[in-house]
Amino acid sequence: MPYMTHGDLGGRQGFGPVVQDADDSLFHAPWESRVLALTLAMGALGRWNIDMMRAARETLPDYLKLSYYQIWLSGLEKLLVAKGLVTSDELAVGHAPHPHTPIDQILMADQVPAKLAKGSPTTRPPIAPARYRLGQTVVTRAAPVDHPTRLPAYLRGKTGIIDRIHGCHVFADSHAQGLGEDPQWLYTVVFEARELWGAKAAAGHRVSFDAWQPYLEPA
Amino acid sequence: METEQDPAHHAHPDHEHADHDHPGHSELSEIERRVRALETLLTQKGYVDPAALDVLIDTYQTKIGPRNGARVVARAWVDSDYRDRLLRDATAAIAELGYSGRQGEHMIALQNTPTRHNIVVCTLCSCYPWPVLGLPPVWYKSAPYRSRVVRDPRGVLREFGVTLPSDTEIRVWDSTADVRYLVIPERPAGTDGLDEAALSALVTRDSMIGTGLARTPAEM
């Protein structure tokens, strides 16, 4: 059963022109800012990681019909239930008849600036030398996979060049599945537009993405 | 993985705008109730400090935004040593100005030149360099931008009012991992006499994503 993401949009057609909002505000209603804050505060508890959250969002069946913060809200609710922090009946009634899961440490107001400034770096010490070198030609994995991945569909089975080497990073595919950090070498791979879109694509147009080593094979 | 769908299926108006085009609509009230209920629930359970939520919102509304990135760009324009450090290790160079952390842990600076124009996207979700640009605008997170900019960057640029010479190389960076990209736009002509603060005022958010150019003093 292939993994079903609704968020993988690169190169798809039929979405129309890019619409720039006359109202350029960050939030279009107060609830949007509360959803952002709830997501960040609950994420700080460490019961899930950001790759699990991305997977929870992109697998929402109505992803393309939801606004951005509706996606965030539904993703948060889904993970809260999946991780046993709330029940679906509690979500429905909006209060907590069931005993709560004890949490060692929650994010307190005075900790927010330091927590945001620190972030969550994903670099890890290498456990083996990098397989690829700058300038090397590589081919991306062609087959779809049955788990969350950050290899977009439009870049599967394409030939490109190693353009940058970023060191070893937490591997999103493993991390999203709860399989640990599984650090892997991360590269920027660059493609000619013609490789992606065919002979009619403009010369001098290139696209790159950041690829963990398991996405790549030697050409 | 998902297969291509009938384009007509997605031809409905931009869904990102559904809420604010209809303020006061019952759907909006319903989602407000749902979010309020969730916040109450999580507070009752002791999972969130409501004051922390206020601090988080205030941070992204008033402290972390594209003026941070504009200061980085202006410094790079006036100080070639800083520019070299920025291009070599953007995370460290940006931290010199006090900006670091969440969604900017691993930064790369991309320098636009007369022969090369860089544009940043996240086709899979909405990855964006928060410490220097704040939270992304709606269009950056929308299906039209994410789907089209990798296929037709010049067409997207035209919608932003930007036309580049036909021989300019266009490089689109799809932020698929945890590396975040900041575009250093070209310094506009006629700005030799401006100091760093005046220069930073010319640096727009879109120019640091690559969908715009820095303003000229005449455009201010």
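At 8% relative accessibility, A:Arg54 counts as buried (under 20% relative accessible area, with exposed meaning over 50% and partly exposed in between, for a 1.4 Å probe and protein chains only). The model is a predicted one, in which local features need pLDDT of at least 70 and side-chain atom pairs count only at pLDDT 80 or more, whereas totals for chains, interfaces and linings use all residues. Residues are numbered from 1 along each chain as its sequence is written, chains are lettered from A in the order in which they are written, and side-chain values use heavy atoms, with hydrogens and water left out.

The side chain of A:Arg54 meets that of A:Asp51 in a salt bridge with an N to O distance of 3.4 Å, the term denoting a side-chain nitrogen of Lys or Arg within 4 Å of a carboxyl oxygen of Asp or Glu. Because A:Asp51 and A:Arg54 lie three residues apart in helix α2 (residues 50–58) of chain A, they are separated by about one helical turn (helices, H or I, of at least four residues and strands, E, of at least two are DSSP runs numbered from the N terminus). A:Asp51 is likewise buried, its relative accessible area being 5%. A:Arg54 also forms a salt bridge with B:Asp178, with the closest N and O atoms 3.8 Å apart; this pair crosses between chains, from helix α2 of chain A to the loop between β3 and β4 (180–184) of chain B.

Across the interface, 91 residues of chain B are in contact with 104 residues of chain A, contact being taken as heavy atoms within 4.5 Å. The two chains bury about 8,800 Å² between them, 59% of it on carbon and sulfur atoms, where buried area is the accessible area (1.4 Å probe) lost on putting two parts together, summed over both. Eight salt bridges are counted between chain B and chain A, including that of A:Asp24 with B:Arg205 at 3.0 Å, N to O.

Strand β5 (residues 205–212) of chain A pairs with strand β3 (residues 169–174) of chain B in the parallel sense over five bridges, pairing requiring that DSSP find at least two bridges between the strands. Within this arrangement, A:Val207 stands opposite B:Val172. A:Arg206 forms a salt bridge with A:Glu192, the closest N and O atoms being 2.7 Å apart, and this pair links strand β5 to strand β4 (residues 184–192) of chain A, the two residues being 14 apart. A:Arg206 is partly exposed at 24% relative accessibility, as is A:Glu192 at 37%. A network of salt bridges links A:Glu192, A:Arg206, B:Arg116 and B:Glu169.
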